[in-house]
Amino acid sequence: LGQEGFPLQLAAATVSGFVACAITSPADVVKTRVMAGDGLGPLQCVKHTLSTEGPLAFYKGFSATFLRLFPHTVGLWLVQEKVSMALRWLQT
């Protein structure tokens, strides 16, 4: 992975997708539970989830979210890299 190219770009896109899921998953879980209509607001939902299920409950569905986001993230970054390379080539 030391040289720039497809393997490095694929690895970077994968890490990017994983980090995006890790950051957004807790908010997504809270949003889903609030919208399910338990009668709790977002802060009450966070407190209730932490006290009854623990912090890992905020990552329920993480694998499904990652599998949904992964192809989009990889495609986005690989296409962006190819477009950047084409634009650099056109400028020379």
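Predicted model: local features only at pLDDT ≥ 70, side-chain atom pairs only at ≥ 80, totals over all residues.

Residues are numbered from 1 along each chain as its sequence is written, and side-chain values use heavy atoms, without hydrogens and water.

Two packed helices are described by the angle between their axes and the distance between the axes. Take helix α1 (residues 6-35) and helix α3 (residues 62-91): their axes come within 8 Å and cross at roughly 140°. Helices here are DSSP runs of H or I with at least four residues, numbered from the N terminus. Axes are lines fitted to C-alpha atoms over the stretch in contact, and angles run from 0 to 180 degrees between N-to-C directions. α1 and α3 are therefore oblique to each other. Oblique is what remains once angles under 35 degrees (roughly parallel), over 145 (roughly antiparallel) and 65 to 115 (roughly perpendicular) are set aside. The crossing of α1 and α3 is right-handed: the near helix is turned clockwise from the far one by less than a right angle. The contact of α1 with α3 involves 14 nonpolar, seven polar and two charged residues. Nonpolar covers Ala, Val, Leu, Ile, Met, Phe, Trp, Tyr, Cys and Pro; charged covers Asp, Glu, Lys and Arg; the others, Gly among them, are polar.

Now the charged pairs. There are four salt bridges in the structure. Each needs a side-chain nitrogen of Lys or Arg within 4 Å of a carboxyl oxygen of Asp or Glu. One of them joins Lys-31 and Asp-28 at 3.7 Å, N to O. Both residues lie in helix α1, three residues apart, about one turn of the helix. Lys-31 is partly exposed at 43% relative accessibility, and Asp-28 is partly exposed at 30%. Partly exposed lies between buried (under 20% relative accessible area) and exposed (over 50%), with a 1.4 Å probe and protein chains only.

Arg-33 pairs with Glu-53, with the closest N and O atoms 2.7 Å apart. Arg-33 sits in helix α1 and Glu-53 in helix α2 (residues 42-53), so the pair ties together parts 20 residues apart in sequence. Arg-33 is buried, at 19%. Glu-53 is partly exposed, at 36%. Glu-53 also meets Lys-60 in a salt bridge, at 2.8 Å, N to O.

Terms used. Helix = DSSP H or I, 4+ residues; strand = E, 2+ residues; numbered from the N terminus.
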